Amino acid sequence: MAEDINRYLRQDKLPHIWCPGCGHGTIMANMLRGFARSRLDQDKTVVVSGIGCSGRATGYLDFDTLHVTHGRALTFATGIKMANPELTVIVVTGDGDGAAIGGNHLIHACRRNIDIKVVLFNNSIYGMTAGQFSPMTPTGATATTAPYGNIDQNFDLCELTRSAGATFVARGAAQQPRQLIKIFEKGFAHRGLTFIEAITQCPVNYGRRNKLGGARDMLNWQKEHIINQTKYESLAAEERQDKIPSGILYQDKREEYTERYEKVIASARGSEN
Amino acid sequence: MKNKAGDKIKENQARIMLLQGDEAVVEGGLVAGASFFAGYPITPASEIAEGFAEKLPALGGKFIQMEDEIASMGCVIGASLAGEKAITATSGPGFSLKQENLGLGIMVEAPCVVVNVQRVGPSTGLPTSPSQGDVMQARWGTHGDHPIIALSPSTVKETIDLTIKSFNMAEKYRIPVILLLDEIVGHMREKVRIPSAAEVEIVERKRPRPEDREEFNPYQETEDHIPPMPDYGQGFRYHSTGLFHDKTGFPRGKSEDARLLMDRLMAKIDENLDDIILLEDDLKGDEEVVVLSYGSTARSAISAVTRARQEGLKAGWVKLMTVWPFAEDYVARLADRVKEIVVPELNRGQLIGEVERAACGQAGISGIHRYDGTIIPPDEILDKIKEVS
Amino acid sequence: MAKKGRVKLVKPDWCKTCGICIEVCPVEVLELGQDRIKIVYPENCVGCENCELSCPDFVLKVVDENEE
Ligand SMILES: Cc1ncc(C[n+]2csc(CCOP(=O)(O)OP(=O)(O)O)c2C)c(N)n1
Ligand code: SF4
Ligand code: SF4
Ligand code: SF4
Ligand SMILES: [Mg+2]
C-alpha cells in the first residue's frame, strides 16, 4: 500500500488552490510519500518556500513552515540549518523562484554543500503570474512575454547544481510517481545539498498556450520525453536530442557545511584556551 | 535555551578596551547574547563581520558570510526563527538590498538587529565618508506601511549601549531593529568600558510553554500585542508568511485580517513609546535656541552649545538616540517654549521634516546640512545659534 | 499487477475532475461525473495505485480489499 500522506497535510487548508490538472499536487503528494519512507521526524522538519504557485505548498504541509519572499527561500533555510543543524530543512521552489530570481542563492547553497533538500517544481513557466517565460522555458516556446517565441536558452538545472557542488542531484516527473517517491526517499536520507528537479505540468499557463493540450496530454508528453538515465545513456546522440534523463543523476560524499562549521567552533575554542 | 554565546559571555568580567564603533557593535552584541551573524562585506561595516567571525565560534555561536545582502537578511531571519539572537551589518548599497526581506522580517515578527554604518549615497557614493543619508530609508525603505525601530549612537560607548538595547527591543517587541551608525562613529576609536552581561538588562523573547502546543495560534492578539514565539523544531508546526494573515498565521485574503494585523504590528510600538524612545538633553529651562541632533553630529552640537553658553547665549541641546519612532510629543512640547530649533544633519534635510511636523509652527526651525562627506564642525553650529538667537 | 486492493474515494470533495486518474488507469474503473470522479466499475480495479499516486488532489486511495 502507498504511504498515507494525510498525517503530513493540514487537512483544514485543503483542497489546495492549484488548478485542475496542475502537477504541483502530484509532486507534493509524492514528496510526502518519500518523506514517510525516510522516517524523518515531522516535528524536527522545517519547510521553506518562496513565491509562486509552487511556493504555496508550505501552507498545506503540517510542519514548521515558512513562506518568504520571491527567490529567497534558500537564504532563510541556510539560517535555519546553521542555527540548528539537527533540523531537516526542505526548500520548495519553482523554476522562476529557484532558477531566475533565486539562482544565485541556489548555486551558493550547492557550493557550500549545506544539508538542505531543495525541491524545484519545474513547470517551465511563471505559473502564478500567468505565463511569462522562465529560465526553464524551452527556446522557441511561447509565453505571454515571448509572443514571438522564446529566444532565451534554458538551463539544465541538474548539470548546473552538480557543477556548483550539490552532492545529490536527481530529476523526476509527475508522470513517474514511483520513481519520484524513490528519489525523495533517497534524497531526504542524503546528507549535503540535495537538489531534486521535479518536472510538472501547468496546463493553464503553459500547456494551453503551447498547444500541448490539457493535463492528460502533457503527462503523455512527459512519458514520451522523460526517460530513465540508463536508457538515455544507451541512446545515440541524435536520439537524445528531444529526451530528458531522469532518476538519481549524481550522488557523492563531501563534508557537509554545518559539520565543517563545528570544526571551526572546535578550533576557535582550542585557540582560546 | 539557545543563547550559547550569551551564556558564555555572562561569565566574562567587565573590561576596559580601546575600541572602534564597529568593534563596539561586536562587543555590545555579545553582551546582549548575539549568537548568529550573517553578512556580506562592505566599507565601512566590514569590521563588524570580521569581529563576529572571530569571536562567535569560540562562544558556540555561528558566523556565515553569504553571497549578498539579500541572502544575509534572509539568513538572519531564518536563524532568528530557529531561536538565535541574530544580527547583520552593512552600509548604504547593502542596506538597499536588505529592504525586501526586512519587510518579511517585520511581517513574520522575527527579532533581529540590522546595522547600517552609513556612508554617502546614492549608489556607490563616497564609500569611506560619513553620512546620515539613510534616515528616511531606515523608516520607509521597505514597501508598505510598517512599524520600525531605529537607534543611532553618537559615541563608541553609546554604540555598546545601543547595540544591547537593539537586541533587547528586537526580542521584546518581535521586530527587526535598525542600528544606524555613521562612518565617523564606526571608525572612531575611544576608550570604553564593556559591561558584563550580569550588570545590564538582557531581554529574551517570550516563548510559549510546551503545553501550549495544542491550539497554538502563533499570531494571536495578546494584551501587549506581542505573541509568544516558539523556536523551530519544538513541535508547534506553525506557519509564517509575508502575506497578510490572521492569528493562525495563514492568509485568508480578507481585508479585515489585513487591518487587524497592521493595527497590531503598529500597536506593539505605538503603545510603548516611553520605553522605546531614548534621548538625552541638556536644557536649563530658559533656552531660546535648542540644537536637536543625533549620531556623530551630536558631538559637534554639544560642543557648539557649550561654547554658546560660555558666550552668554541661552542655548541647549537634545540628542536623539532613538530616531524611529520619532520623538514627536517631546519635540512638540519643546517647540512650545523655545524660539528656534536648529537641526544639523549629514544629509540634505531628512529628520528636520519630522521636527517641522511635530513643531507645527510653534518654533522656528533651521537646518544645517552637509552632504559632501565632511562633518559639520561646531563653529558652523555656533554661528547658526548666534544667527537665530 | 497483483490484485491487492480496491480504489476508494477518500476525499471526494477535493476532486477537480482533471481526469488524470482515468488516463493512468490500466482498466476501466473510473468515470468523470458532474463535479467529481465516480467509481463506476469497482470490480475491474486491480489495485495498481496508479490513480492514487498520480491524483494531484489526494482524492483516491487504494485500500485492502478486506478493509471496508
Ligand atoms: C520580487 C518579486 N518579483 C516578482 C514577483 C512576482 N512573481 C510572483 S510569482 C512569480 C513567478 C513564479 O514562477 P515559478 O517560480 O516558476 O512558480 P510557479 O508559479 O510556476 O509554480 C513572479 C514573477 C514577486 N512576488 N516578487
Ligand atoms: S497556474 Fe499553472 S502552476 Fe499555477 S496552479 Fe495553475 S496549473 Fe498549476
Ligand atoms: S485525478 Fe484526482 S482530481 Fe483528477 S479527476 Fe481523478 S480523482 Fe479527481
Ligand atoms: S488502482 Fe489502478 S486499477 Fe484501480 S482504479 Fe486506480 S488506476 Fe485503476
Ligand atoms: Mg514555474
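The points below concern the chain interfaces and two of the ligand sites in this predicted model.

1. Arrangement of the chains. Two pairs of chains are in contact, and of these chains A and B share the most contacts. Chain A also touches chain C, with 30 residues of chain A in contact with 23 residues of chain C. By comparison, no contact joins chain B and chain C, and their closest C-alpha atoms are 19 Å apart.

2. Extent of the interface between chains A and B. Here 43 residues of chain B are in contact with 41 residues of chain A, and the two chains bury about 3400 Å² between them, with 56% of that area on carbon and sulfur atoms. On the side of chain B, the residues B:Glu67, B:Tyr232 and B:Arg237 supply 22% of the area that this chain buries against chain A, which is more than any other three residues supply.

3. Polar and charged pairs between chains A and B. There are 20 residue pairs in polar contact between chain B and chain A, counting pairs in which both residues are at pLDDT 80 or more. Three salt bridges are found across this interface, and one of the salt bridges joins the side chains of A:Asp62 and B:Arg237, with an N to O distance of 3.2 Å.

4. Elements on the side of chain B that touches chain A. The elements of chain B that give two or more residues to this side are α1 (4–10), β3 (62–65), α4 (69–81), α5 (92–108) and β10 (239–241). Of the elements, α4(B) gives the most, with eight residues. By class, this side of chain B has 21 nonpolar, 13 polar and nine charged residues.

5. Strand pairing across the interface. Strand β2 of chain A, residues 64–67, runs parallel to β10(B) and is joined to it by three bridges. Within this pairing, A:His67 has B:Thr241 as its bridge partner.

6. The site of ligand 1. This ligand lies between chains A and B, and of the 18 residues around it, A:Cys53, A:Asp95, A:Asp97, A:Gly127 and A:Met128 come nearest. Oxygen atoms of ligand 1 approach polar backbone atoms of two of these residues, at 2.7 Å for A:Cys53 and at 2.9 Å for A:Met128.

7. The interface between chains A and C. The area buried between these chains is about 2200 Å², of which carbon and sulfur atoms give 57%, and A:Met1, A:Arg178 and A:Arg216 supply 31% of what chain A buries there, more than any other three residues. One salt bridge is found across the interface; C:Glu23 forms a salt bridge with A:Arg216, with the closest N and O atoms 2.9 Å apart. The count of residue pairs in polar contact, both at pLDDT 80 or more, is 15. On the side of chain A, two or more residues come from each of α1 (24–38), α6 (177–189) and α8 (215–225), and α1(A) gives the most, with six.

8. The site of ligand 4. Among the 13 residues that surround ligand 4, the closest are C:Cys25, C:Cys45, C:Cys48, C:Glu49 and C:Cys51. The shell divides into ten nonpolar, two polar and one charged residue.

Note on methods: Residues are numbered from 1 along each chain as its sequence is written. Chains are lettered from A and ligands numbered from 1 in the order in which they are written. This is a predicted model: local features need pLDDT of at least 70, side-chain atom pairs count only at pLDDT 80 or more; totals for chains, interfaces and linings use all residues. Side-chain values use heavy atoms; hydrogens and water are left out. Contact means heavy atoms within 4.5 Å. Buried area is the accessible area (1.4 Å probe) that two parts lose on being put together, summed over both. A salt bridge is a side-chain nitrogen of Lys or Arg within 4 Å of a carboxyl oxygen of Asp or Glu. A polar contact is a pair of N or O atoms within 3.5 Å; within protein, one must be able to donate a hydrogen and the other to accept it, and residues adjacent in sequence count only if both atoms are side-chain atoms. Helices (H or I, at least four residues) and strands (E, at least two) are DSSP runs, numbered from the N terminus. Ala, Val, Leu, Ile, Met, Phe, Trp, Tyr, Cys and Pro count as nonpolar, Asp, Glu, Lys and Arg as charged, and the others, Gly among them, as polar. Two strands pair if DSSP finds at least two bridges between them. A residue is near a molecule or strand if one of its heavy atoms lies within 4 Å of it.
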